Amino acid sequence: MTDAADDSRWMAVALRLAQAAIGDTAENPPVGCVLVRDGRVVGRGRTAAGGRPHAEAAALAQAGTAARGATAYVTLEPCAHHGRTPPCAEALAAAGVTRVVAAVRDPDPRVDGGGFETLRRAGIAVDVGIGAGPATAIAAGFLARVSAGRPHVTLKLATSLDGRIATATGASRWITGPAARAHAHAMRARHDAILVGIGTALADDPSLTCRAPGLENRSPVRVVLDGLLRLPATSALARTAGSVPTWVVTGTGHSGSPAALEDLGVTVIEAEPDEAGRPSVAAALVALAGRGIGRLLVEGGAAVARSFVAADLVDEIAWYRAPMLLGGDGRAAVDPLAVAAPDAAPRFARVDCAAFGEDVLETYRRRT
């Protein structure tokens, strides 16, 4: 007889472990695993930095022989394929685990129910679905890359109350306060890549690194959409490409020379252009997913935001609002969408709201 309250309690522990791994597991999903025997935890683990070892392997190593007779709570179906490490499903069976509670099934064709089948063949009881909602959100990048062939896209905006990212003169430092900016830096560490357009790269010469205390080594890949290959070799992004991975996505018909950028360590990626000659955002996402990017943070500017919204490729919006008004002559966060009527506008559902100093962060997700 299983206790649903106990299952939810222990799965919550596994979910917290998985949450801590977001943005730090490379191409592998962030997973948490807890081994429970006789009402106490005997092992716990999360996907390690770089993706190895897996959460189950880490928990089993901690538990040792105490894993025999335990229940494993895991946020994603244990893997069933041989890679650089043996399948986790086989490892759980070999350790003598008697029951596995998994939040969600792994859609990777190499797994896709095979982990559960391996466990059941070994006589292990399997229950699926507890904690599915939060587990799906935690693994959103991996699930999007495997199922849709593109990253999970979060559009980050920092604006005045009237949706302006800068004054009419282009001044934007600082619209949001220190607490909101610190939180935004921590958000970078939870993504595999940050993307800006060439306009932002030229105007602001950003570094796009994570400067939150304790997370300085978690800066994600920096991506610039640059149809004409205009990013200067003297830019901060190019000059630091040797220490923080920097990719430039350009159109197949660009006239620039990538050699100067590549000499500095910049990776130049060609993608099919759109009707305006810019890299198609859909093609860019396919290229990024092919290089292992699962969670993408789009930071600007207005033209890039419009491109992603217009292509219906925004899964989530993180909108920081500062308590100020910049007026209609300020620069809008999103370029014109040519929406003819309100019922034709892209719509999102608000799922969270939090205060950071005087500023507010509203989180929205696409409506399904």
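This is a predicted model: local features need pLDDT of at least 70, side-chain atom pairs count only at pLDDT 80 or more; totals for chains, interfaces and linings use all residues.
Residues are numbered from 1 along each chain as its sequence is written, and side-chain values use heavy atoms, with hydrogens and water left out.

**Stop 1: the cores**

Select Met11, Leu35, Leu92, Val97, Val100 and Leu119. In the largest nonpolar core, which has 40 residues, these touch the most other members. A nonpolar core here is a set of buried Ala, Val, Leu, Ile, Met, Phe, Trp, Tyr and Cys residues joined through side-chain atoms within 4.5 Å. Buried means under 20% relative accessible area, exposed over 50%, and partly exposed in between (1.4 Å probe, protein chains only). Colour helix 1 (residues 4–21) next: with seven residues, helix 1 gives the most to this core. Helices (H or I, at least four residues) and strands (E, at least two) are DSSP runs, numbered from the N terminus.

Now centre on Val100. Which residues does Val100 contact, leaving aside neighbours within four places in sequence? They are Ala72, Val74, Pro78, Leu92, Leu119, Ile124, Ala125, Val126 and Asp127, with contact meaning heavy atoms within 4.5 Å. Another core, of 31 residues, lies apart from this one; Leu285, Leu296, Ala333 and Phe348 are among its members.

**Stop 2: helix 11**

Just after the helix, look at Gly292, which takes a positive phi of about 95°.

**Stop 3: the Gly69 loop**

Jump to Gly69, in the loop between helix 2 (55–63) and strand 3 (71–76). Is Gly69 buried or partly exposed? Gly69 is partly exposed, at 39% relative accessible area. Setting aside neighbours within four places in sequence, Gly69 contacts Gly96, Val97 and Thr98. Draw a distance to Leu35 as well: the two C-alpha atoms are separated by 9.7 Å, with the residues 34 apart along the chain.

**Stop 4: helix 7 and its surroundings**

Show helix 7 (178–188). Ala180, Ala184, His185, Met187 and Arg188 are buried in this helix.

Pick Leu297 in strand 12. Leu297 counts as buried, at 0% relative accessibility. Its contacts, neighbours within four places in sequence aside, are Thr154, Lys156, Met187, Arg188, His191, Ala193, Ile194 and Leu195. The C-alpha atoms of Leu297 and His191 are 6.4 Å apart, though 106 residues separate the pair along the chain.

Next comes Thr176, in the loop between strand 7 (164–166) and helix 7. Thr176 is buried, at 10% relative accessible area, and touches Ala158, Arg181, Tyr320, Ala322 and Asp359, not counting residues up to four places away in sequence.

**Stop 5: the empty spaces**

Rolling a probe the size of a water molecule over the atoms shows where empty space is left. On a 1 Å grid over the protein atoms alone, a cavity is a set of points where a 1.4 Å probe fits but cannot get out; a pocket is an open set with protein on both sides within 12 Å along at least five of seven lines; lining residues have an atom within 4 Å of a point. Grid points are joined across faces, edges and corners, and a volume is the space filled by probe spheres set on the points.

Two cavities reach 30 Å³ or more. The largest holds about 110 Å³; of its 17 lining residues, Ala26, Asn28, Pro30, Phe142 and Asp192 lie nearest the centre. Helix 6 (residues 140–147) gives the largest share of that lining, three residues.

The second largest cavity holds about 30 Å³, and its lining is Pro29, Pro30, Val31, Thr75, Leu76, Val104, Ala135 and Ala139.

Finish at the second largest pocket, with about 830 Å³ of space. Select Ala137, His152, Arg295, Glu316 and Arg365, which lie nearest its centre among 32 lining residues.
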